Amino acid sequence: MSTPTILVAGTPETLADIGTEYVPASTPTGPHLSAIGIIRSEWIKLSTVRSTIWCFAVLLVVSMGLAAIMSLALDLTGTDIATVPDTDQARFVAQASTFGVFFGQLIVAVLGVLAVTGEFTTGMIRSTLTAVPKRLPALWAKALVLFVTTFVVGLVSSIASYVVTVAIVSGQGLHASLFAPEVILPVLGGSLYLGLVAVFALGIGTIVRSGAGSIAVTLGVILLLPVVLQMIPATWASDVLPYLISSAGISMFGLMQFAKVPLDWSVDLIIVLVWVVLSLGAASVLLKRRDA
Amino acid sequence: MIQAQSLTKRYGSKVAVDAIDFTIQPGTVTGLLGPNGAGKTTTMRMIVGLDRPDSGSVLVNGQRYQDLRAPLREVGVLLDAKAIHTGRSARNHLLAMAATHNIPKSRVDDVIELTGLTSVARKRVGGYSLGMGQRLGIAAALLGDPGILILDEPVNGLDPEGVQWVRKLMRHLAGEGRTVLLSSHLMSEMALTADHIIMLGRGRIIADAPVAEIIGQAGGATVRVRSPHATRLATLLAQAEVSVVNLEQDVLQITGITAAEIGDQAAAAGIVLHELTSLTASLEDAYMSLTQNEVEYRTGGTGDDEFDDSDTTDAAADAAVNDDPDPRETELQEAAR
């Protein structure tokens with residue numbers, strides 16, 4: 001900062017610019033608050049902070065890296081690839097392509113938390129809420145934008161991971177089409193789960209408001225809760241396990257199973273949705289009620 | 001137009017705003033004045049729905065702020081310069097705000113130019129000085145070309161040029177028929193900018209009147225007279241409603257009679273005058289006398305009427321001005337600043 005920036009505010013002549021459209025009666029006929037506008041605003045907000053770019057970049061790199069590691073570790077020596085059924089080949093490719101979701105859920109959880117706690121900790125929330133004083137439309141728009149963006153980036157990183165996987169394992173004769181149901185469904189399911197986890201974290205962030213606190217709570221629910229339950233020897237613990245957001249989310253696209261009798265993917269999806277609805281529901285009540 | 005009716009806000013057991021009523025008229029600059037903790041910011045936050053009143057109501061153009069169809073186009077608000085994400089550039093911040101109301105991009109560029117932020121608009125707000133943050137806050141408030149502007153301490157952190165710019169801007173906006181509400185504990189700023197003052201103390205309104213009237217309440221005009229025959233003049237003027245203070249051997253400070261009357265009487269009695277000066281009480285004097293019992297956070301030690309507002313340099317300067325016994329000189333110093 002060797003050269004100080006000298007700011008020259010508008011001269012009195014330019015003051016006239018403010019009032020060009022001004023009608024003293026103040027009857028706004030022109031632009032006004034709209035759902036599309038609020039969504040666009042939230043998109044601008046999400047896409048213009050570095051944390052979003054970093055989180056998505058890390059998601060992409062980690063996802064592709066894990067796919068590469070898993071593919072490279074595959075050793076088919078002594079196996080006649082011709083005897084391996086197509087569905088088993090496809091399952092391996094799907095696992096490698098979606099393995100990143102296991103870590104990706106932590107990344108998008110942080111992203112979801114930061115998307116709202118960044119506003120609370122900087123005071124930006126006051127600007128947001130004066131622009132959208134009914135408050136809830138801003139939360140819904142934020143959730144929608146976050147979900148769609150995370151889903152798309154999740155899909156892109158899963159497909160990129162698929163490409164990496166196929167490039168490596170085809171050397172050993174393994175093949176699977178992206179559009180084989182064994183591949184495309186997990187890829188879609190994994191991306192869907194990532195989008196939902198981000199929204200779940202958004203809710204926690206709105207409830208807790210502090211960045212560090214929200215990340216602790218969210219990662220606690222996603223990461224710690226399953227580990228703790230698995231360590232408890234009682235049967236109730238293993239009964240509860242499949243109903244956690246991360247257990248249901250991961251079994252939803254077939255990476256791992258936590259229930260003794262595997263739940264249908266639609267049941268898993270409902271479980272994840274219930275977590276999201278609880279988090280976002282509590283967030284909406286508190287956002288509406290609390291002083292900002 | 002902003003109307004409040006028995007507006008009340010409590011934080012726990014502490015009453016921040018205590019059943020206040022006021023109407024803020026268009027076409028004027030209304031100053032919300034009061035010591036720190038008097039409830040200025042809380043009142044403003046309730047107007048724009050950031051704080052929910054515990055009882056009472058406040059309406060903006062006859063509607064609750066939450067019910068406005070285009071809030072940003074009716075009310076522009078600057079509550080504090082830090083209500084902005086530090087990781088985003090000024091332009092992107094304004095674009096995001098504008099997007100909610102479908103306000104065109106050209107308007108964003110207009111307010112950036114108007115507030116003199118063009119050269120830094122694409123830099124992240126985290127690196128901004130307090131003054132630049134304040135300009136960005138003002139830019140955001142002007143974004144919707146609103147009929148009502150609510151600005152909490154708008155000159156805080158601005159350089160003298162910026163202070164003057166904000167002052168002109170406020171006057172200009174009110175001149176166009178807009179409603180301008182600004183808060184400050186800087187008397188000099190209020191005296192120069194506001195037409196009407198609402199003075200708050202401990203959450204209550206202690207005065208709600210035009211600036212001239214508030215100053216009048218502080219004791220009215222004083223006249224300073226310098227004469228070699230000061231004692232004779234003092235005896236001559238001695239009446240029930242006139243008070244004469246002998247400041248120096250040949251200087252009198254007189255209240256309750258106009259300079260013209262003093263001149264006439266002195267001439268009739270053949271008394272030579274070396275100086276005859278009308279001194280108007282300043283807003284500061286009025287403020288001090290009105291808020292004497294309302295100051296919540298008083299600095300200990302000096303025993304003087306000093307406020308705990310040394311957090312800004314302007315406030316410190318104000319406090320220094322405050323010690324000056326001559327109200328006229330106070331005005332001069334303000335003009336010089």
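This is a predicted model: local features need pLDDT of at least 70, side-chain atom pairs count only at pLDDT 80 or more; totals for chains, interfaces and linings use all residues.
Two residues are said to be in contact if their C-beta atoms, placed from the backbone, lie within 7 Å. Helix H9 of chain B, residues 230-237, lies across strands E10 (222-226), E11 and E12 of chain B, and H9(B) runs at about 15° to E12(B). Helix H10 of chain B, which comprises residues 259-268, lies across E10, E12 and E13 of chain B. The direction of H10(B) is at about 160° to E13(B).

The sheet concerned is open and consists of four strands in the order E11-E12-E10-E13 of chain B, with antiparallel pairing. Its edges are formed by strand E11 (243-248) and strand E13 (275-279) of chain B, each of which pairs on one side only. From one strand to the next, the twist averages 20°. Within this sheet, E11(B) is joined to strand E12 of chain B, residues 251-255, by five bridges in the antiparallel sense. Asn246(B) has Leu252(B) in E12(B) as its bridge partner.

A further antiparallel pair in chain B is made by strand E8, residues 196-201, and strand E9, residues 204-210, over six bridges. Opposite Ile197(B) stands Ala209(B) of E9(B). The hairpin of E8(B) and E9(B) has two residues between the strands, and Arg202(B) adopts a positive phi near 45° there.

Helix packing in chain B is illustrated by helix H3 (residues 90-100) and helix H4 (residues 105-114), which pack at an angle of about 135° with their axes 10 Å apart. On the side of H3(B), the contact involves Ala90(B), Arg91(B), Leu94(B), Leu95(B) and Ala98(B). These residues meet Lys105(B), Arg107(B), Val108(B), Val111(B) and Ile112(B) of H4(B). By class, the contact has seven nonpolar and three charged residues, with no polar ones.

Chain A contains eleven helices and zero strands. Of its 292 residues, 47% are buried. Among the contacts in chain A between residues at least 6 apart in sequence, 83% join residues at least 24 apart.

Helix H10 of chain A, residues 245-252, provides an example of burial. Eight of its eight residues are buried, so H10(A) is largely enclosed by the rest of the structure. The residues in question are Ile245(A), Ser246(A), Ser247(A), Ala248(A), Gly249(A), Ile250(A), Ser251(A) and Met252(A). They pack against H4, helix H7 (181-208), helix H8 (211-231) and helix H11 (265-289) of chain A. Just after H10(A), Gly254(A) takes a positive phi of about 80°.

The two chains also meet each other. In total, 45 residues of chain A are in contact with 56 residues of chain B. On the chain A side, the elements that give two or more residues are helix H1 (35-47), helix H2 (50-73), helix H4 (100-122) and helix H5 (124-131) of chain A. The side of chain A that touches chain B has 20 nonpolar, 16 polar and nine charged residues.

Definitions and conventions: Residues are numbered from 1 along each chain as its sequence is written. Chains are lettered from A and ligands numbered from 1 in the order in which they are written. Two strands pair if DSSP finds at least two bridges between them. Axes are lines fitted to C-alpha atoms, for helices over the stretch in contact, and angles run from 0 to 180 degrees between N-to-C directions. Ala, Val, Leu, Ile, Met, Phe, Trp, Tyr, Cys and Pro count as nonpolar, Asp, Glu, Lys and Arg as charged, and the others, Gly among them, as polar. A residue is buried if 20 or more other C-beta atoms lie within 10 Å of its own, exposed if 12 or fewer, and partly exposed in between; C-beta atoms are placed from the backbone.
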